[in-house]
Amino acid sequence: MSSSAAPAHGHDLEESKFQLFVQVAMLLAVITGLEIVTVYLPFAAWILVAALVIASAVKFMFVIFVFMHLKWDKPFCTILFFIGLILGGGTMFALLKIFSMQASLPLQ
Amino acid sequence: MSSTAAAGTIDHHHDPSTSTGIPNKKLLMWLFLASDCMFFGCLISTHLIYRLHPPPGTPSAKSVFSIELTSFSTFILLMSSLMMALAVNAIQKGNLKSLRVSLLTTIFFGCIFLGCQVFEFNNFVFEKHLTITNSILGTTFFTLTGTHGTHVAVGVLWLILMYVRSFQPQDLDKRRGWFLVNLVHVLALVVAILLGMNLVLGTTRALEATGLSAATLAHFASGAILRILGLLVALAVLIRLGRPAGPVAFNEGNAMDVEMMGLYWHFVDIVWIVIFTAVYLLEYI
């Protein structure tokens, strides 16, 4: 690549980033709108819960990979964050499971 | 602006001077955010456990929550994330004017979110009689959302400091006394935000109580004349101090500082994405 092509490529990348940010924000707003509509739909509870969990996971991923630049950063940043995320998520899962056992119900 | 010439020459994602290739500040921030994931994970799971096994006498969350208000504040926080991403993009290109506009918009959206939360808490305590001590729902709900709100407030303060920092003069002679100007600038912003929020919340409460009429607004304005004057003075100071006054010591080289702040702000947004679903939406199913 010639030396003059590099800044032009950088400029294009910055321009496309700007457009990408706006597009992702619009997408997130639409998903949020769909989430609100979802809770009023006459479907089985497990379908609605699954839909909401998937929608919020999609929003979560868009924010961390696009807005937080993980897409362009070194993979180690992603690994580092996901260690915390998996530990946090694992703790949540474990606590919910433990407290769903009959002998471990919270004190009334 | 000196930074414009250098725009596009700094690699913002890699740092060859560190053994990981990642700037140390960024590495530290990601570590902090990873630890904060565990912190919020515990708060959210505590709330969910007590929602799944509510003790007798727990009020129905559906009758307490307002989905309209929460949806609005969620939308506002998402848009603030967009403005924060644009602020980082702007400073990486050395565009100081765009950075300041984006930062001010992010501060504005952050304040709207906090205002909604203050309104919601006020409504829960005084209208729905849900306090942090009178039920387990109140305890877990206020602890979780209050902790998140504190994170947002810290983020707003950080944004204010970064905005004011972007005015630091490059000329060393002009820097004498800059600390005092800096302090006045920060105070003016904080005063404008607090008075603005106070006036908007006061007007909303007055309108809620007596309905929309010129007499209501006139009565409210006469009772809040000092606050309105204070807000106008703070805004005048902000406009005066916000005018460009020569070259500044804030350019593309400071992009990493803005990016760190951006990471924190987006994290607050992703935590709210989870809270919105787990705490609010699931109650309506």
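User: What covers the buried residues of α2(B)?
Analyst: The cover includes α6 (136-165) and α10 (255-280) of chain B, along with α3 (75-98) of chain A. Mind the origin: this is a predicted model, where local features need pLDDT of at least 70 and side-chain atom pairs count only at pLDDT 80 or more, while totals for chains, interfaces and linings use all residues. Residues are numbered from 1 along each chain as its sequence is written, and chains are lettered from A, ligands numbered from 1, in the order in which they are written.

User: Which residues of α2(B) are buried?
Analyst: Among them are B:Met29, B:Trp30, B:Leu33, B:Phe40, B:Gly41 and B:Ser45. B:Lys26 and B:His47 are also on the list.

User: What makes A:His69 buried?
Analyst: A count of neighbours. A residue is buried with 20 or more other C-beta atoms within 10 Å of its own, exposed with 12 or fewer, and partly exposed in between; C-beta atoms are placed from the backbone. A:His69 has 22 other C-beta atoms within 10 Å, so it is buried. A:His69 sits in the loop between α2 (45-67) and α3 of chain A. Its phi is positive, about 65 degrees, although A:His69 is not a glycine.

User: Why is B:His129 called exposed?
Analyst: B:His129 has 12 other C-beta atoms within 10 Å, which meets the limit for exposed. Its place is the loop between α5 and α6 of chain B.

User: Which residues does A:Thr91 touch?
Analyst: Leaving out residues up to four places away in sequence, A:Thr91 touches B:Met38, B:Gly41, B:Cys42 and B:Ser45. Two residues are in contact if their C-beta atoms, placed from the backbone, lie within 7 Å.

User: How many residues does the contact take from chain B and chain A?
Analyst: Chain B gives 48 residues and chain A gives 48. On the side of chain B, α2, α4 (67-92) and α10 each supply at least two. The largest share is that of α2(B), with 16 residues. By class, this side has 30 nonpolar, 15 polar and three charged residues. (Nonpolar: Ala, Val, Leu, Ile, Met, Phe, Trp, Tyr, Cys and Pro; charged: Asp, Glu, Lys and Arg; polar: the others, Gly among them.)

User: What does the domain assignment of chain B give?
Analyst: Domain 1 (22-166 + 250-285) and domain 2 (176-247). The bounds come from an automatic or database assignment. The domain centres, taken over C-alpha atoms, are 23 Å apart. Seven residues of domain 1 of chain B contact 10 residues of domain 2 of chain B. On the domain 1 side, α5 (96-126) and α6 of chain B give two or more residues each. The largest share, four residues, is from α5(B). That side has six nonpolar residues, one polar and no charged.
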